[in-house]
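Q: Please take me through the helix and strand geometry of this model, setting each value against its definition.

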Amino acid sequence: MAKHGKKYMDAVKGLDKSKTYSAEEAAELLKKIDYAKFDSTIEVAINLDVDPKQADQQIRGAIVLPNGTGKTSKVIVFAEGDQAKAAEAAGADVVGSDDLVEKIQDGWLDFDVAVATPPMMAKVGRLGRVLGPKGLMPNPKTGTVTMDVEKAVNDIKAGQVAYRVDPNGLIHAPIGKASFDAAKIAENFDALYDAILKARPASLKGAYVTSVNMTSTFGPGLKINA
């Protein structure tokens with residue numbers, strides 16, 4: 001069992017962990033008890049009763065949060081010609097082709113999101129063993145394999161969040177910072193939660209969402225009555 005420090009114990013003193021909260025109430029409480037010396041990230045963990053081994057139950061997608069994430073992502077784009085120029089104009093941090101593939105093969109991974117045009121995927125595919133395990137491989141389902149690289153870069157810079165169910169049926173995603181107003185965190189939560197609800201597999205019977213929790217970087221997990 002994990003041991004918590006004095007600051008954590010002081011922060012959660014008197015907290016009823018069995019209680020459920022609205023998204024805004026949870027955000028307000030997490031902001032109140034946050035003791036980090038930096039701007040903590042507020043995250044949600046959504047437990048789904050799905051089997052990720054089934055192709056139609058691999059819940060995955062991306063959404064631009066209405067209030068952003070509080071973080072500006074570093075975006076690289078695999079593109080050539082006009083698409084490369086469009087990516088640069090949109091503010092991509094690094095744009096390249098074979099040179100970028102080689103740079104990553106040599107160990108460079110200083111970026112948050114990778115975007116690629118469809119013609120580039122034959123080359124990017126060689127990076128599967130490097131990017132795949134880190135969740136950095138471009139994918140059409142998250143809008144990161146596209147000819148419209150300008151929109152992709154703009155969306156990511158504006159606060160797009162990619163979500164993906166893990167082997168245990170959990171989706172973890174950031175929805176803001178402790179410095180955000182609680183109402184804005186709740187609005188971001190609602191947008192993400194609605195997107196996940198709409199991704200429910202048609203073949204799934206019974207419950208889909210089994211639990212929802214919200215937490216901050218050092219804070220406790222609070223149950224959400226979504």
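Q: What makes the crossing of α3 and α7 right-handed?
A: A crossing is right-handed if the near helix is turned clockwise from the far one by less than a right angle, and left-handed if anticlockwise; the crossing of α3 and α7 is right-handed. This is a predicted model, in which local features need pLDDT of at least 70 and side-chain atom pairs count only at pLDDT 80 or more, while totals for chains, interfaces and linings use all residues. Residues are numbered from 1 along each chain as its sequence is written, and side-chain values use heavy atoms, with hydrogens and water left out.

Q: Which residues make the contact of α3 and α7?
A: With contact meaning heavy atoms within 4.5 Å, Q83, A86, A87 and A90 of α3 meet V149, E150, V153 and N154 of α7.

Q: Why are α3 and α7 called roughly parallel?
A: The axes of α3 (residues 81–90) and α7 (residues 149–157) come within 8 Å and cross at roughly 25 degrees. Angles under 35 degrees count as roughly parallel (over 145 as roughly antiparallel, 65 to 115 as roughly perpendicular, the rest as oblique), and α3 and α7 are therefore roughly parallel to each other.

Q: How do you know that β4 and β5 pair?
A: Two strands pair if DSSP finds at least two bridges between them, and 3 bridges join β4 (residues 75–78) to β5, the two running parallel; in one of them, I76 has V94 of β5 as its partner.

Q: What makes β5 and β6 edge strands?
A: In the open sheet, ordered β5-β4-β6 with parallel pairing, β5 (94–96) and β6 (113–116) each have a single partner strand, so one side of each is left without a neighbour in the sheet.

Notes: Axes fitted to C-alpha atoms, helices over the stretch in contact; angles between N-to-C directions. Helix = DSSP H or I, 4+ residues; strand = E, 2+ residues; numbered from the N terminus.
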